[in-house]
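Here is a walk through one protein structure, written for someone meeting it for the first time. Keep the 3D view open and follow along.

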Amino acid sequence: MAENILEMRNITKEFPGVRALDGVTFEVRRGEIHALVGENGAGKSTLMKVLSGVYPHGTYSGEIVVDGKVQQFGSIRDSEHVGIAIIYQELALIKYMTIAENVFLGSELERGKGVVDWNRTYQETDKLLARIGVRLNPATRVIDLGVGAQQLVEIAKALSKKARILILDEPTAALTEQDTDKLLGILEGLRREGVTCIYISHRLREVMRIADRITVLRDGKTIVTDDKANMSEERMIRNMVGRDLSNLFPRRPRTPGETVLEVRNWTVAHPVTGELACKDVSFEVRRGEILGIAGLMGAGRTELVTSLFGAWGKKKGGELRLGGKPVHIRDAQDAIARGMGLVSEDRKRYGLVLGMDVKENSTLASLKRIARLAVIDKNQEIKVADRYVRELRTKTPSLEQQVRNLSGGNQQKVVIAKWLLTEPRVLFLDEPTRGIDVGAKVEIYNIMNDLVDKGVCVVMISSELPEVIGMSDRILVMHEGKLTGSLVHDEATEEKVMHHATGAA
């Protein structure tokens, strides 16, 4: 049995009014990939911030032991000096700088007295990229790379710091399946080189593929650590949520009603480049159904729904009909007035104002409903926000809690509450469960079911094939801006969806 390279002993971390970590014990063996799983709010990210020096020694109790020596990190640099590097879900790259400049940012290679040795910088970057099997020009600007390639640049950056313990927090949340496979293959290669990885993910299939051992946290406590061979997905989920989830995709049988939304020959161009993002797309959505939209990254799914909502692109052709009548949507305000809502894929950037509280975010899209003579009725604001906190079972200390302090799943519930307050006829959900844990996912699915039962049309984009197949009544598949397939629930399989998504049809 390999020796432990890392031990975290009895780690306790408190914030005002909440104990985020409660005596957590976490041990990692040298050269293993150790998965850390748990619901949002379980304490995973907090524990890793303690380990990486984001929360310095003195702000928590307990011990960190690396290679048998007790460590007291005062900053991120202190943890980097002993070989610990962390890669966050929100990548910390400067997009207008080159790959090489990003890789050695803060630890520039000098040839004397503050002068950067650029030849050596580009040579060393090239070696690091080759080490992880990536063919990229070190002089390429990061903004010109895809998300998957940017993730690999982050890994190269970590390796440049001589990282022996690499922490990856939700590294595949924004990646395509192909980029995910590539990343996991690179991590397996690093494991063979002796690099130790701590892998945080809500995607349990990835965990089961790549992990040697798995630790489950719940409510700030260590619940179980075991070898992957002894940890089925069912056991993992049971320990994560503290209960059995017998059906991960609780789709309800239903009979859709009349057509509510019709899209005919919809063609939209990129607002800057003029390149067509959606090409002659036609479909309909019926009352009381969930319509799934699948496809690989770049297929045009997000561009389709945001252009229908009036929030993106230049319309080149096509018609949108609601309730059988043609409508012209000029902007998001028009869309809201027509009974449409859009939960965007990036809730922190487009769905929430992080510095505002729960009640203020909940009412952002429906201020006219709670205002009198252009003045917000604060009592009414509290009343309607509290209603949806209760109905959606949003976990928050109060309505005055800033949404930046909520877990991902509860932030998503606030975004959904914002749109439910507008009483939509059609609700677009773009990656509604991205970055949230399995328990919160089931709650989101049940919210979708409740909406459909009330007659709302739900259009869901998802990159997770089990999700889109498990919850949709019908599935549309896109490839390079075109609609390439349409499947009903009973005939949909991952193979059939991928067949259409890759343009094979």
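## Helices lying on a sheet

In this predicted model, helix H5 (residues 147–160) lies across strands S6 and S7 (165–169), and its direction is about 165° to that of S6. Helix H8 also lies across strands, in this case S3, S9 (213–218) and S10, running at about 25° to S9.

Those strands belong to an open sheet of six, in the order S6-S7-S8-S3-S9-S10, with mixed pairing. At the edges stand S6 (84–87) and S10 (221–227); each has a single partner strand, so one side of each has no neighbour in the sheet. On average, neighbouring strands here are turned by 20° against each other, direction ignored. His-34 stands opposite Ile-198 in S8.

Strand S1 (residues 4–15) and strand S2 (residues 18–29) run antiparallel, with eight bridges joining them. Met-8 is a handy place to look, as it stands opposite Phe-26 in S2. The two strands make a hairpin with two residues between them, and Gly-17 in the turn has a positive phi of about 85°.

The buried ones are Lys-44, Thr-46, Leu-47, Met-48, Val-50 and Leu-51.

## Charged pairs

How many salt bridges does a search of the whole structure find? The count is 42. One of them joins Glu-3 and Arg-30, whose closest N and O atoms are 3.2 Å apart. This pair links distant parts of the chain, 27 residues apart: Glu-3 sits in the segment before S1, and Arg-30 in the loop between S2 and strand S3 (33–37). Glu-3 is exposed, at 52% relative accessibility, while Arg-30 is partly exposed at 32%. Both also belong to a network of salt bridges that takes in Asp-67 and Arg-164.

Two other pairs span longer stretches of sequence. Arg-131 meets Glu-193 in a salt bridge, with the closest N and O atoms 2.7 Å apart. Arg-131 lies in helix H4 (residues 118–131) and Glu-193 in the loop between helix H6 (177–192) and strand S8 (196–200), so the pair ties together parts 62 residues apart in sequence. Then there are Arg-251 and Asp-473, whose side chains meet in a salt bridge at 3.0 Å, N to O. Arg-251 is in the loop between H8 (233–241) and strand S11 (259–269), and Asp-473 is in the loop between helix H16 (465–471) and strand S21 (474–479), so parts 222 residues apart in sequence are tied together. Is Asp-473 buried or exposed? At 8% relative accessibility, Asp-473 counts as buried, whereas Arg-251 is partly exposed at 23%.

## Nonpolar cores

The largest nonpolar core has 76 residues, and those with the most contacts inside it are Leu-261, Phe-283, Leu-304, Val-426 and Phe-428. Helix H15 (residues 438–453) gives the largest share of this core, seven residues. Click on Phe-283 and you'll find contacts that include Leu-261, Leu-291, Leu-308 and Leu-476. There is also a second, separate core of 34 residues; among them are Ala-85, Leu-152, Val-153 and Ala-156.

## Aromatic pairs

The count of aromatic pairs comes to four. In one of them, the ring centres of Phe-15 and Tyr-55 are 5.6 Å apart with planes at 70°, so this pair is edge-to-face. Phe-15 lies in strand S1 and Tyr-55 in the loop between H1 and strand S4 (61–66), so the pair ties together parts 40 residues apart in sequence. Phe-15 is partly exposed, with a relative accessible area of 29%.

Trp-118 and Tyr-122 form another pair: their ring centres are 6.2 Å apart and their planes are at 45°, so the pair is tilted. Both lie in helix H4, four residues apart, about one turn of the helix. Trp-118 is partly exposed at 40%, and so is Tyr-122 at 26%.

How values were computed: Residues numbered from 1 in each chain as written. Predicted model: local features only at pLDDT ≥ 70, side-chain atom pairs only at ≥ 80, totals over all residues. Heavy atoms only, no water. Pairing = 2+ DSSP bridges. Salt bridge = Lys/Arg side-chain N within 4 Å of Asp/Glu carboxyl O. Buried < 20%, exposed > 50% of the residue type's maximum accessible area, 1.4 Å probe, protein only. Core = buried A, V, L, I, M, F, W, Y, C linked by side-chain atoms within 4.5 Å. Contact = heavy atoms within 4.5 Å. Axes fitted to C-alpha atoms, helices over the stretch in contact; angles between N-to-C directions. Phe/Tyr/Trp six-rings, centres within 6.5 Å; stacked < 30°, edge-to-face > 60°. Lists of a residue's contacts leave out its neighbours within four places in sequence.
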